[in-house]
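Please take a look at the structure shown here.

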Amino acid sequence: MRDVTNKLALITGGAAGIGAGMAQAFLDAGMRVIIADRSEAALARALDRFAAHTGKIHAVELDVRDRDGWKRTAAHIRDTHGNLHLLCNNAGLGGVTGRLMDCPEADFDLMLGVNLIGIYNGVHALGPDMAAHGEGGHIVNTASIIGHFPSMNSAIYSASKFGVVGMSETLRNEMRPLGIGVSLLCPGNTRTDIYENWERLRSVNQGKDNIDAPPVASGVHAGMDPLAVGRRVLRAVRDDEFYIFTHPEYRRVFAARFDAVLAAHGESAETGHEDDVETVGRAILRGAAS
Ligand SMILES: NC(=O)c1ccc[n+]([C@@H]2O[C@H](COP(=O)([O-])OP(=O)(O)OC[C@H]3O[C@@H](n4cnc5c(N)ncnc54)[C@H](O)[C@@H]3O)[C@@H](O)[C@H]2O)c1
């Protein structure tokens with residue numbers, strides 16, 4: 001989507017953190033932006049922050065797990081704003097969840113519900129309208145570098161983000177013939193309150209009243225500026241790049257991972273029953289997912 005001027009973007013989790021960084025970058029480029037977020041307070045703060053862009057920025061209260069809410073949002077966009085060109089499925093939760101065997105069911109359901117199912121909900125609710133209006137468009141799904149490597153803090157975060165990677169790699173091939181590009185955002189540490197927000201939500205989820213979660217020690221607070229990530233996303237949308245890696249220092253971790261995977265490819269378990277990799281791996285072998 002080379003020319004983004006006056007095009008309409010919707011960003012989930014757009015009221016704070018990386019989503020707000022995207023909103024800033026898109027507004028600076030002359031786009032119209034809808035920030036969709038579950039937090040009414042965060043939306044109000046964001047509208048204050050973006051007051052210089054009044055008329056180009058709009059807020060929608062939406063929990064990405066709520067499918068009826070997505071239907072209402074789709075109708076609201078059609079009735080009030082017109083064609084949607086850029087959908088950023090960015091809302092997500094991340095934090096310390098303990099060992100998988102000890103992780104409460106409610107935490108698993110919450111994190112997977114937002115990080116993974118929330119993206120399905122967004123694509124399902126808005127993808128058909130984006131494909132139908134004929135002006136082209138783009139979808140950006142936020143995963144994480146932890147969509148490729150094990151997390152130090154949370155197997156369920158890894159599970160959700162690996163899911164986003166797989167879903168997006170397939171989605172890209174499905175949307176291409178419809179004129180919709182897809183990008184997969186995989187940031188490393190970015191300076192946001194994601195850990196504190198998780199602690200707060202999880203407390204509520206578990207029926208506790210520990211609403212004022214103390215700061216959580218992590219590399220996140222020393223991380224990248226969310227606006228830098230937002231600007232990088234904008235470049236990927238304009239250039240139709242699929243993978244958006246913001247932290248190239250992870251390159252050697254990828255190399256080690258793929259070396260280990262290749263080294264584990266030994267003899268066939270049963271010769272004479274080889275899969276047709278030309279078909280199964282078509283997109284990658286032909287460079288479509290490069
Ligand atoms: N911060 C990092 O270091 C980092 C690194 C890699 C990936 N990510 C990913 O980036 C995305 C944004 O994270 P962030 O760091 O900006 O977090 P954040 O907590 O600062 O912001 C997330 C925003 O999403 C909103 N949100 C949470 N649950 C929601 C729901 N159910 N429906 C709608 N909105 C909801 C929150 O209210 C908040 O405004 C997430 O998907 C996260 O996993 C973050």
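Predicted model: local features only at pLDDT ≥ 70, side-chain atom pairs only at ≥ 80, totals over all residues.

Residues are numbered from 1 along each chain as its sequence is written, and side-chain values use heavy atoms, with hydrogens and water left out.

**Helices H3 and H4**

- Helix H3 spans residues 67-81 and helix H4 spans residues 105-132. Helices (H or I, at least four residues) are DSSP runs, numbered from the N terminus, as are strands (E, at least two).
- The axes of H3 and H4 come within 10 Å and cross at roughly 30°. Axes are lines fitted to C-alpha atoms, for helices over the stretch in contact, and angles run from 0 to 180 degrees between N-to-C directions.
- H3 and H4 are therefore roughly parallel to each other. Angles under 35 degrees count as roughly parallel, over 145 as roughly antiparallel, 65 to 115 as roughly perpendicular and the rest as oblique.
- The H3 and H4 crossing is right-handed. A crossing is right-handed if the near helix is turned clockwise from the far one by less than a right angle, and left-handed if anticlockwise.
- On the H3 side, the contact (heavy atoms within 4.5 Å) is made by Arg 67, Trp 70, Ala 74, Ile 77 and Arg 78. On the H4 side, the residues include Ile 117, Tyr 120, Ala 125 and Asp 129.
- Seven residues of this H3 and H4 contact are nonpolar, three are polar and three are charged. Ala, Val, Leu, Ile, Met, Phe, Trp, Tyr, Cys and Pro count as nonpolar, Asp, Glu, Lys and Arg as charged, and the others, Gly among them, as polar.

**Helices H4 and H6**

- H4 also meets helix H6 (residues 194-205): their axes come within 10 Å and cross at roughly 130°. That makes H4 oblique to H6.
- The crossing of H4 and H6 is right-handed.
- Ala 106, Asp 107, Leu 110 and Met 111 of H4 touch Trp 198, Leu 201, Arg 202 and Asn 205 of H6. Five of the residues in this contact are nonpolar, one is polar and two are charged.

**Aromatic rings**

- The whole structure holds six aromatic pairs. Rings of Phe, Tyr and Trp (its six-membered ring) pair if their centres lie within 6.5 Å; planes under 30 degrees apart count as stacked, over 60 as edge-to-face and the rest as tilted.
- Tyr 243 and Phe 245 are stacked, 5.7 Å centre to centre, with 20° between the planes.
- Phe 245 also pairs with Phe 254, this time edge-to-face: 5.3 Å centre to centre, 70° between the planes.
- Phe 254 is buried at 14% relative accessibility. Phe 245 is partly exposed at 30%. Buried means under 20% relative accessible area, exposed over 50%, partly exposed in between (1.4 Å probe, protein chains only).
- Ring pairs join Phe 149, Phe 242, Tyr 243, Phe 245, Tyr 250, Phe 254 and Phe 258 into a cluster.

**Two single residues**

- Gly 19 sits in helix H1 (residues 17-28). Gly 19 is buried, at 0% relative accessible area.
- Leaving aside residues up to four places away in sequence, Gly 19 touches Ile 11, Gly 13, Gly 14 and Asn 90.
- Arg 235 lies in helix H7 (residues 226-239). At 46% relative accessibility, Arg 235 is partly exposed.
- Arg 235 and Val 253 are 18 residues apart along the chain, and their C-alpha atoms are 25 Å apart.
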